[in-house]
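Below is a short briefing on one structure, arranged by topic. Please read it alongside the sequence and the 3D view.

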Amino acid sequence: MKKFFLILPILLLYVEAAAAGCPFTGDTAESAQCLSCHSEKADFLKDNQHAARGGRAEFIKETFEKIDKDFGEKNCGGRRVSACADCHQKPEIPEAEVCIKCHTKLGADYLGYGARDYHSRYQRGISVGGKYWMKMLPDIHRESGMACGDCHSMPAGNKAKGCLSCHSYSPEILDHQIENHKNLNCEACHAAWAPNEYGVYFIKLTDKIKAMQFDKLKRMDEYAVSAFSVLNEPVVLGKDAQNRYTPIRPLITFFSDTDGSRENVMLSDKWKPFYPHTIRRETVTCEGCHSNRRKYLLEKGEDRIFLLEKDGLPIGSFHNSSYFSIENASFVTEEEYLRFSAKTPGYAKWYIQKIEQMKNAVDRNAERR
Ligand code: HEC
Ligand code: HEC
Ligand code: HEC
Ligand code: HEC
Ligand code: HEC
Ligand code: HEC
Ligand code: HEC
């Protein structure tokens with residue numbers, strides 16, 4: 001009986017709050033109206049605040065606008081946030097599906113959607129929001145029902161919640177016990193894959209050609225778009241501004257004119273640290289990091305499979321950092337790689353322990369069957 005009297009006032013409070021609640025039903029999507037009550041969200045309506053950090057706009061300026069000064073306006077304007085209804089169709093925290101309309105790479109990876117090649121022959125498989133995707137493993141947090149907003153507060157521009165605001169770095173885990181692994185960001189191990197585009201290719205179409213050729217390539221108004229290679233692959237590592245090992249991604253871009261006046265011009269030779277939304281419990285094996293030059297862009301000339309210069313490109317490999325630059329970060333050096341990949345007795349000790357653990361896990365599984 002006592003319990004009932006406790007619950008009743010709470011229930012009444014709840015009903016009252018709901019009655020005075022949000023009048024937003026989905027068809028009254030006037031942003032200015034929303035602000036009469038949610039004034040703290042006004043930043044969204046200031047010029048492009050959702051893009052406060054503006055990395056993308058800057059990149060477009062430095063690359064495409066060297067060859068076409070209106071490139072950004074003509075090709076990227078549609079993705080800007082201009083109204084509350086771009087994200088809110090109901091008075092609720094938006095679901096991840098809303099965000100990936102625009103965040104087609106870093107964001108879509110969270111749902112397990114990998115990038116597909118641009119060519120029309122690859123436009124098949126799962127289709128969401130008018131785009132085709134490769135089915136990959138989703139982020140573990142997606143599987144536990146978390147939305148983008150559980151880590152990102154809005155308007156964007158503040159740092160997202162990091163791993164340690166929700167987890168501890170468990171000392172029970174062998175890989176966590178290795179002292180030098182404290183120099184790795186968590187996602188260097190726990191990000192399972194990343195959608196990497198090696199050499200995005202823009203071809204400027206002359207009027208004559210526009211009408212006839214390149215119909216199999218993705219088309220923008222004045223360009224055909226392609227990529228040398230699109231790989232949903234284990235993450236590549238570099239070092240961030242704090243000198244910690246972290247995932248990096250390629251922003252390599254080429255450009256040609258169909259009239260042949262400019263061919264294979266490298267507009268961007270950049271790599272950049274980033275956060276893949278592909279967190280999983282399991283990681284690559286020790287050897288996936290300790291005997292793998294490509295993971296650090298240290299591929300040797302003789303190990304190459306693709307000879308890019310034979311294709312007319314101004315670089316010899318997508319997996320050797322000597323051809324590239326990196327922003328606000330550094331590539332792993334040969335010296336660093338040789339140091340941590342040396343199979344010292346210290347390494348062997350940990351490695352054998354890990355093999356034992358894996359063996360025991362397999363045995364336990366076999367017993368259970
Ligand atoms: C008359 C004032 C008022 C207006 C106008 C209004 N809201 Fe609300 N809104 C509220 C109140 C009060 C709540 C919290 C009560 C509740 O949970 O229902 C709320 C809740 C919300 C929530 C959910 C918050 C949560 O924590 O789940 C969202 C999202 C939201 N409003 C968006 C909008 C948008 C978008 C518009 C414009 C299209 C809008 N609101 C217009 C008063 C208003
Ligand atoms: C209408 C398109 C659109 C929608 C919908 C959208 N975004 Fe964005 N978002 C952008 C653009 C454009 C930028 C700026 C990117 C840049 O300049 O680097 C951005 C930037 C961001 C950033 C900062 C990125 C950075 O480089 O620092 C985050 C985080 C973000 N959005 C999260 C979200 C989340 C979460 C949702 C869903 C609730 C969402 N966005 C929905 C277009 C959109
Ligand atoms: C880019 C996508 C995006 C846009 C645009 C956007 N929101 Fe949100 N909104 C979110 C996300 C994600 C959350 C949950 C994370 C958080 O609370 O910050 C949220 C949370 C809210 C909340 C409830 C929690 C809180 O912080 O109070 C309200 C109310 C709200 N939004 C109102 C608005 C209004 C009003 C506008 C337009 C002026 C707007 N939003 C524009 C993505 C967006
Ligand atoms: C488990 C937490 C978490 C979830 C869930 C999450 N993010 Fe993130 N996101 C991060 C972290 C951490 C970063 C790194 C940048 C930072 O600290 O702000 C980031 C970065 C980003 C960036 C900027 C990428 C870059 O490096 O330029 C975008 C855009 C973004 N997230 C969008 C989304 C979208 C869209 C969703 C949902 C589909 C989402 N995020 C879900 C944690 C999360
Ligand atoms: C906003 C809170 C939040 C953030 C930020 C976050 N996680 Fe989680 N994480 C969770 C929740 C909730 C679960 C599911 C419940 C559980 O198993 O603990 C989970 C599950 C996991 C699991 C699976 C655990 C298991 O027992 O199988 C791993 C591994 C993990 N997170 C790693 C990370 C890493 C690495 C980061 C940073 C890149 C991170 N998380 C960021 C909340 C968070
Ligand atoms: C050198 C690689 C590596 C790094 C760096 C790393 N982890 Fe792990 N982590 C692992 C491995 C391996 C496991 C165990 C996977 C398994 O059980 O198969 C694990 C397990 C976990 C789990 C599940 C643990 C449990 O007790 O159930 C969480 C949560 C986690 N890590 C969080 C983190 C966080 C947070 C960081 C960064 C502070 C981090 N990890 C850095 C390799 C790493
Ligand atoms: C995601 C990549 C990754 C994985 C997985 C990984 N390591 Fe490492 N490990 C590194 C990197 C990078 C360093 C160098 C860190 C530093 O010293 O700054 C390192 C350092 C070490 C060191 C110290 C090397 C030295 O400098 O003398 C040992 C020992 C080691 N790892 C053992 C292991 C073992 C055993 C496993 C598997 C159980 C493993 N690592 C898994 C990336 C990884």
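The buried residues of helix α11 pack against β7 (236–239), β8 (245–257) and α10 (286–290), where contact means heavy atoms within 4.5 Å. This is a predicted model, in which local features need pLDDT of at least 70, side-chain atom pairs count only at pLDDT 80 or more, and totals for chains, interfaces and linings use all residues. Residues are numbered from 1 along each chain as its sequence is written, chains are lettered from A and ligands numbered from 1 in the order in which they are written, and side-chain values use heavy atoms, with hydrogens and water left out. Helices (H or I, at least four residues) and strands (E, at least two) are DSSP runs, numbered from the N terminus.

**Helix α11**

- Helix α11 spans residues 334–341, and its buried residues are E336, Y337, F340 and S341; buried means under 20% relative accessible area, exposed over 50%, and partly exposed in between (1.4 Å probe, protein chains only).
- These residues lie on the same side of α11, because they cover an arc of only 115° around the axis; the arc is that of the directions from the helix axis to the C-beta atoms.
- E335 and R339 are exposed on the other side of α11.

**Ligand 7**

- Ligand 7 is surrounded by 21 residues, of which H181, C286, C289, H290 and R339 are the closest; a residue is near a molecule or strand if one of its heavy atoms lies within 4 Å of it.
- R339 has a polar side-chain atom 2.9 Å from an oxygen atom of ligand 7; a polar contact is a pair of N or O atoms within 3.5 Å, and within protein one must be able to donate a hydrogen and the other to accept it, with residues adjacent in sequence counting only if both atoms are side-chain atoms.
- For H290, a polar side-chain atom lies 2.7 Å from a nitrogen atom of ligand 7.
- In the side chain of N180, an N or O atom is 2.9 Å from an oxygen atom of ligand 7.

**Ligand 4**

- Around ligand 4 there are 18 residues, with C148, C151, H152, A160 and H277 the closest.
- The shell of ligand 4 divides into 10 nonpolar, 5 polar and 3 charged residues; Ala, Val, Leu, Ile, Met, Phe, Trp, Tyr, Cys and Pro count as nonpolar, Asp, Glu, Lys and Arg as charged, and the others, Gly among them, as polar.
- Oxygen atoms of ligand 4 lie 3.2 Å from a polar side-chain atom of K159 and 2.9 Å from a polar backbone atom of A160.
- A nitrogen atom of ligand 4 lies 2.8 Å from a polar side-chain atom of H277.

**Ligand 1**

- Ligand 1 has 15 residues around it, and C22, C34, C37, H38 and P91 come nearest.
- The side chain of H38 places an N or O atom 2.8 Å from a nitrogen atom of ligand 1.

**Aromatic pairs**

- The structure holds 17 aromatic pairs; rings of Phe, Tyr and Trp (its six-membered ring) pair if their centres lie within 6.5 Å, and planes under 30 degrees apart count as stacked, over 60 as edge-to-face and the rest as tilted.
- The pair of F228 and F318 is tilted, because the ring centres are 6.2 Å apart and the planes stand at 45°.
- F228 lies in strand β6 (residues 223–233) and F318 in the loop between α10 and β10 (325–326), so this pair ties together parts that are 90 residues apart in sequence.
- F228 is partly exposed at 30% relative accessible area, whereas F318 is buried at 7%.
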